[in-house]
Amino acid sequence: MFGKLLGALALAAATVASAQAQPVKVGVVTTLSGPAATLGQQLRDGFALGIEKLGGKLGGMPVDATVLDDELKPDVAVTKVRGLLESGKADIVVGPIFSNILQAIFKPVTESGAILISPNAGPSTYAGRACAKNFFVTSYQNDQPHAVSGQYAQDSGYKRLFLLAPNYQAGRDALAGVKSKFKGEIVGEEYVPLTQMDFQSEIAKIAAAKPDAVYAFMPGGLGIALVKQYRQAGLANIPFLSAFTVDESTLPAQGDAAIGFYSGASWAPNMDNAANKTFVAAFEAKYGYVPGSYAAYAYDTAMLLDAAVKKAGGVADKAKLAAAIETADFASTRGAFKFGVNHYPVQDFYLVQVVKRADGKYQTETRKKVFTADIDPYAAQCKMN
Amino acid sequence: MTLLVVQALNGVQLGLLLFLIAAGLTLVFGVMDFINLAHGVQYMLGAYLGVAFAGLTGSFWLGLLLASVVAGVTGIALERLVFRHLYGRSHLDQVLATFGVILTLNEAVRVLWGTAPLQMPMPDALSGSFQLMEGLRYPVYRVALIVAGLLVAVGLAWAVNCTRAGMLIRAGASNAAMVSALGVDIGRLFTLVFGIGAMLAGFAGVMAAPLVSVEPSMGDNLLILAFVVIVIGGVGAIRGAFVAALMVGLVDTLGRTMVTDAFKAALGASAAARVGPAVASMLIYLVMAAVLAIRPAGLFPAARDA
């Protein structure tokens, strides 16, 4: 509650100064309650930091931002977003974290004529045939981070891979993504309940199977428990590949147990470009924690909007604004950035590895570029008109 | 074969953790006929208090001691302030009120410690591990968890069967009104039982903290398992809770190990990967249904004069 208020205040304070000019109205939809609130806070903080860096303006116009907590409930998200749209408070909607929320708010937002930009969720649904002119994704298509590990395992000559994921659709999609690139033998494929907290049973199976590497998609608390127990069981000599399992949102709780573990990503805090250095330093100074990709992509979204609003000369003409977003030139924390035909990014992907920094905090660092200018597998089906 | 032994050990360890939580729940349910959904939150509270006190004192053991005590005191305070007023009411009222306590405490933890999961380091003395099978080491800490669970079980069995308070608790479980009529201060007895239950849940929370993710609502899933345990074991019975907890732990762990493999032989790998996990997570509920069909009051129900 408290954090939500502060974030809203930070955004609102930036707007007060020039209240006379016609503001750009932005709705930020993110998850701020429940166990996933850590991710939603990163999105909100990253976007707020971007707006602050821009002097409270987008393309020189003042910003009127409203932060909504979707509570990770699709019905709640729809109700709140509809309220925002109907009261005329959104030219642009930024969010959300989770794909199921995006699927709930997609129609209401895009049909209202507003621009929808997802700085995290990138489901296949809107990457192919259902792509839309006023919908953009600044993160990745959901399959890509998983494919990174599959490709890396293939490139490294691993013969036997053990796969672990929660027993729900995203878990099955994740492992399908890995298997689309890895041609060796899958020696184990375990699906665990989303509520699991003890992985001893799976860990014993891994030890018995003796794979060349393990791939895990275990978001949030699942990953925290798995990583600790994997290390405690002495399995850390088996390479641990993953996505959304060891990142800046879980590392503070995993600590030393996660050092050396791998993940697939298109961004990491150590990326060597001026925009990223500015972002990471300013973020840590302001919020006191290491930003993850959730924050970085949200920050990128603010910078993207700044460039696009400037180019379009305002937000009144949405078609012009969408066209400006397509080709907007801004300094991304990922270095070069561009959209593909389906408005999902075409970008490089890296194998990243967990390290302990000199100041005792943990972060991921890029180790190897696995995909260059990667286009997601659905883009070809998109006929934007 | 070795794998099976290892998995059985894992099952026993999970079972003993469940027992620590279920023991308090079954006493409260049995003695006071009170449904306390907030029991899982007390487990979470224990974990958070453990992290906080271990951080303050720099010692896991002091953290464990202080957190258990404070969890017990919190339980007593909750009993005095909230639960006491609900004993005479219907189960639905109790469920609603204790659900309110869950929401309040989850939010309180979020305000105090933030939403980000916390880390609880293992005590140095127990941070080692030993070779269990090729390529797999078993943390000494998990052995300690097993030992702690067994000690608590023995201690509770002794306290319930051989002490005056234990006799009253047993008497209260079979006929609270009669115990009260015989001049025993049933209110104080209830407070005592509640304090012990909350303390055990808190103790379990601290013990589990180094293994799992310390985060709000971490107790919610365990609460469901704990209810399965007390239903199988028979409401109000420590012995029942012990046997049922081990049963649930073993069935769950061995089920996850073997069900998918069993389906693989029958259905092929890809179908097994779909059906197996679903059936494995249903197993304990199937066991519960089977037990209830044969013994509707559970395995070891407390003798109850209706």
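1. Let's start where the two domains of chain A meet: between domain 1 and domain 2 of chain A, 3 residue pairs are in polar contact, both residues at pLDDT 80 or more. A polar contact here is a pair of N or O atoms within 3.5 Å; within protein, one must be able to donate a hydrogen and the other to accept it, and residues adjacent in sequence count only if both atoms are side-chain atoms. On the domain 1 side, helix H2 (37-53) and helix H11 (293-312) of chain A each supply at least two residues. H2(A) has the largest share of that side, with 3 residues. By class, the domain 1 side that touches domain 2 has 7 nonpolar, 6 polar and 1 charged residues. For these classes, Ala, Val, Leu, Ile, Met, Phe, Trp, Tyr, Cys and Pro count as nonpolar, Asp, Glu, Lys and Arg as charged, and the others, Gly among them, as polar.

2. Before going on, a word on the model and its conventions. This is a predicted model, in which local features need pLDDT of at least 70 and side-chain atom pairs count only at pLDDT 80 or more, while totals for chains, interfaces and linings use all residues. Residues are numbered from 1 along each chain as its sequence is written, chains are lettered from A and ligands numbered from 1 in the order in which they are written, and side-chain values use heavy atoms, with hydrogens and water left out.

3. Now the domains themselves. Chain A is assigned domain 1 (2-140 + 271-343) and domain 2 (144-265 + 349-377), with bounds that come from an automatic or database domain assignment. Their C-alpha centres lie 28 Å apart. In contact (heavy atoms within 4.5 Å) are 14 residues of domain 1 and 14 residues of domain 2 of chain A.

4. How much area is buried between domain 1 and domain 2 of chain A? The value is about 1000 Å², and carbon and sulfur atoms give 57% of it. Buried area is the accessible area (1.4 Å probe) that two parts lose on being put together, summed over both. In domain 1, Tyr140(A), Met271(A) and Val290(A) lose the most area to domain 2, together 47% of what that side buries.

5. One salt bridge deserves a look in your viewer. The rule finds 1 salt bridge across this domain interface, where a salt bridge is a side-chain nitrogen of Lys or Arg within 4 Å of a carboxyl oxygen of Asp or Glu. Glu284(A) forms a salt bridge with Arg357(A), the closest N and O atoms being 2.8 Å apart. Over all chains, the count comes to 22 salt bridges.

6. Another salt bridge in chain A joins Glu185(A) and Arg160(A), at 3.9 Å from N to O. This pair links distant parts of the chain, 25 residues apart: Glu185(A) is in strand S8 (residues 185-192) and Arg160(A) in strand S7 (residues 160-166) of chain A.

7. Chain A as a whole has 12 helices and 14 strands, taken as DSSP runs (H or I, at least four residues, for helices; E, at least two, for strands) numbered from the N terminus. Its radius of gyration is 20 Å, close to the 21 Å that the globule rule gives for 385 residues, so chain A is as compact as a globular protein of that length. The radius is taken over C-alpha atoms, and the globule rule is 2.2 Å times the number of residues to the power 0.38.

8. The peptide bond from Gly95(A) to Pro96(A) is cis, with omega near -5°, and Pro96(A) lies in the loop between strand S4 (92-94) and helix H4 (99-111). Leu72(A), a residue other than glycine, has a positive phi near 60°; Leu72(A) sits in the loop between strand S3 (61-69) and helix H3 (74-86).

9. Chain B has 10 helices and 2 strands. The C-alpha trace of chain B spans about 65 × 50 × 35 Å along its principal axes.

10. Finally, the two chains together: 43 residues of chain B are in contact with 39 residues of chain A. They bury about 3100 Å² between them, 52% of it from carbon and sulfur atoms. Thr115(B), Gln119(B) and Arg256(B) lose the most area on the chain B side, together 18% of what that side buries. Arg256(B) also meets Glu202(A) in a salt bridge (3.1 Å, N to O), and the count between the chains is 2 salt bridges.
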